[in-house]
Amino acid sequence: MKRSAALRFHATLATAALAAATGLVVSMPSASAATGSATGYATQNGGTTGGAGGQTVRATTGTAIHAALCNRASSSTPITIEVQGTINHGNTSKVSGGSCNTAAGVIELKQISNVTIVGVGSGAVFDQLGIHIREARNIIIQNVTVRNVKKSGSPTSNGGDAIGMESDVRNVWVDHVTLEASGGESEGYDGLFDMKDNTQYVTLSYSTLRNSGRGGLIGSSESDRSNGNITFHHNLYENIDSRAPLLRGGIAHMYNNHYKRLNDSGINSRAGARAKVDNNYFEDSKDVLGTFYTSEAGYWQVGGNIYDNVTWSARSGDNQPAGPDPTSNTSVGIPYSYKLDAANCVPDVVNRTAGANKGLKVSDGNCTPQNPAPTDPTDPTDPTDPTDPPTGTNLSRGAGADGSSKAGGTSYGNVIDGNLGTYWSPSGSTGSVSVKWSSDTTVSKVTIREASGSEGAVRSWRLLNHDTGAVLASGSSAGVVSFARTSLRKITFEITGSNGTPRIAEFETYNG
């Protein structure tokens, strides 16, 4: 039922009053300033786009950030929140609403999705106030400073973590941020960048982490091995005692980082974790890689790193450094593309790009920082035009197939046999068919070919990562479907609406 004009008028007044009280400036939906695109593992599992395509608002208080989340139509409505000024305990209170779950004394991104928080203007500083991400997905945090967040003393916030993630978090990109403390646990601080309890597909890029006892962890204990698929690149770790990061279980990829004054230990791969460590620059540090403080070993693949004035302790018991001559003891496959800067220019590149208020500059893989180039999706010369026909090998050939139902005389296997004369149909007007592999397979495009005579029967569909349930793409007609490169074992084409009975001749999958 439509609201009356009077009700709509009063709702508008209420929103305006809330904005005035909280420091929230509401704008119409618009394209926000270019912020580049996600990199690393954040590009997998359907990709990380944050609030792209949604409304853009400006916030000058923590309460305003919460109000922006609560004013959305739903907890998944895309929004970009531009933040300016100092956000602290005095201006951050709980706001209630059907599209949010906030709290006082912390920036709470809980049970939500499709959000970008970006610092603008003269900068955004979260002073003694942490950012908490819980049961959330598709989040971007960019160009902000988070400093001096405490777990003991006064005031406290977020368990002492500058940025903390936990409980089924997926697809987070944290980029060009500065995370800093003023000491270690005895001074009341904890981690700068912590992930636990099933947090996956996260990238930390072009950021500065400094002056802390703990850089960050992946997994809260030796038994918390549900985390992984994390990328760290072009970051500065400076004056950190340990956990740069600590990795328990899962896979992490560290490349082109500058580690400076790691005082006790650095990358701590343990409890079965696997770390790929490429073209980093370690300087004036101790025990920069290994398994430390546990008998449960982790593993690493190393290449192209520079160790400048690095000291190594002797191997003994729970202390197993990788040096003094680090060599690989595992192999780690990376599903996304990336460009490596030479390790000898990493200090200069990171110095010019990492941290908040550096102009969001990035590296081009040739040791030359530059501004991120916006992508014009309408440019017909774009070599990654999503409607381009796929190239390479059809990965469906030799794979398996199953589905939700099938009409008489049809087979799931007909969509992977390379024969346009055979097809699968659901038992009704909707249904799903899947392609599956026995091991992780990276896919970035599919082609759905309808059988001759039934072209156009499919009217609405979703493409799913069957492993996680994530929606990779959706649409209203079959054909070429493009999405961020995703590693999975099963991909599902779900028909949600059709004209009559659809007939799918081929479900082709490609990586390229």
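This is a predicted model: local features need pLDDT of at least 70, side-chain atom pairs count only at pLDDT 80 or more; totals for chains, interfaces and linings use all residues.
Colleague: What is the bridge partner of Thr145 in β11?
Modeller: Thr145 is found in strand β8. Strands β8 (residues 145-147) and β11 (residues 178-183) pair in the parallel sense, over three bridges. In β11, the partner of Thr145 is Thr178.

Colleague: Is Thr145 buried or exposed?
Modeller: Beyond its neighbours in sequence, up to four places away, Thr145 touches Ala124, Val125, Phe126, Thr178, Glu180 and Ala356. Buried means under 20% relative accessible area. Thr145 has 10% relative accessibility, so the residue counts as buried.

Colleague: Which residue in β8 stands opposite Phe126?
Modeller: β5 and β8 pair in the parallel sense. Three bridges make up the pairing. The residue of β8 opposite Phe126 is Val146.

Colleague: Why is strand β5 largely enclosed by the rest of the structure?
Modeller: Strand β5 spans residues 113-127. It runs parallel to strand β3 (residues 79-87), with eight bridges between them. Gly85 stands opposite Ala124 of β5 there. β5 is largely enclosed because its buried residues number 13 of the 15.

Colleague: How many bridges join β5 to strand β7?
Modeller: β7 covers residues 137-142 and runs parallel to β5. Ser113 stands opposite Arg137 in β7. The bridges joining β5 to β7 number five.

Colleague: How many cavities of 30 Å³ or more does a search of the whole structure find, and what is the volume of the largest cavity?
Modeller: The search finds one cavity of 30 Å³ or more. Of the 13 residues that line the largest cavity, the closest to its centre are Val149, Gly160, Glu180, Ala181 and Leu192. β8 and β11 each supply at least two residues of the lining. The volume of the largest cavity is about 40 Å³.

Colleague: How do the residues of the lining of the largest cavity divide?
Modeller: Glu180 and Ala181 are among the residues closest to the centre. Glu counts as charged and Ala as nonpolar. The whole lining divides into six nonpolar, four polar and three charged.

Colleague: Which residues lie nearest the centre of the second largest pocket?
Modeller: This pocket holds about 350 Å³ of space. β13 (199-205), β16 (228-233), β31 (431-450) and β34 (480-498) each supply at least two lining residues. By class, the lining has six nonpolar, eleven polar and three charged residues. Of the 20 residues in the lining, nearest the centre lie Tyr201, Asn229, Ile251, Asp440 and Ser487.

Colleague: Which residues of helix α3 are buried?
Modeller: Helix α3 covers residues 346-353. Cover for its buried residues includes β17 (236-242), β20 (258-262), β23 (281-286), β28 (362-363) and β29 (369-370). The buried residues are Val346, Val349, Val350 and Thr353. Their arc around the axis is only 95 degrees, which puts them on the same side of α3.

Colleague: Of the 512 residues of the protein chain, what percentage count as buried?
Modeller: The chain has three helices and 35 strands. Among contacts between residues at least 6 apart in sequence, 72% join residues at least 24 apart. The residues that count as buried make up 55%.

Technical notes. Residues are numbered from 1 along each chain as its sequence is written. Side-chain values use heavy atoms; hydrogens and water are left out. Buried means under 20% relative accessible area, exposed over 50%, partly exposed in between (1.4 Å probe, protein chains only). Helices (H or I, at least four residues) and strands (E, at least two) are DSSP runs, numbered from the N terminus. The arc is that of the directions from the helix axis to the C-beta atoms. Contact means heavy atoms within 4.5 Å. Two strands pair if DSSP finds at least two bridges between them. On a 1 Å grid over the protein atoms alone, a cavity is a set of points where a 1.4 Å probe fits but cannot get out, and a pocket is an open set with protein on both sides within 12 Å along at least five of seven lines; lining residues have an atom within 4 Å of a point. Grid points are joined across faces, edges and corners, and a volume is the space filled by probe spheres set on the points.
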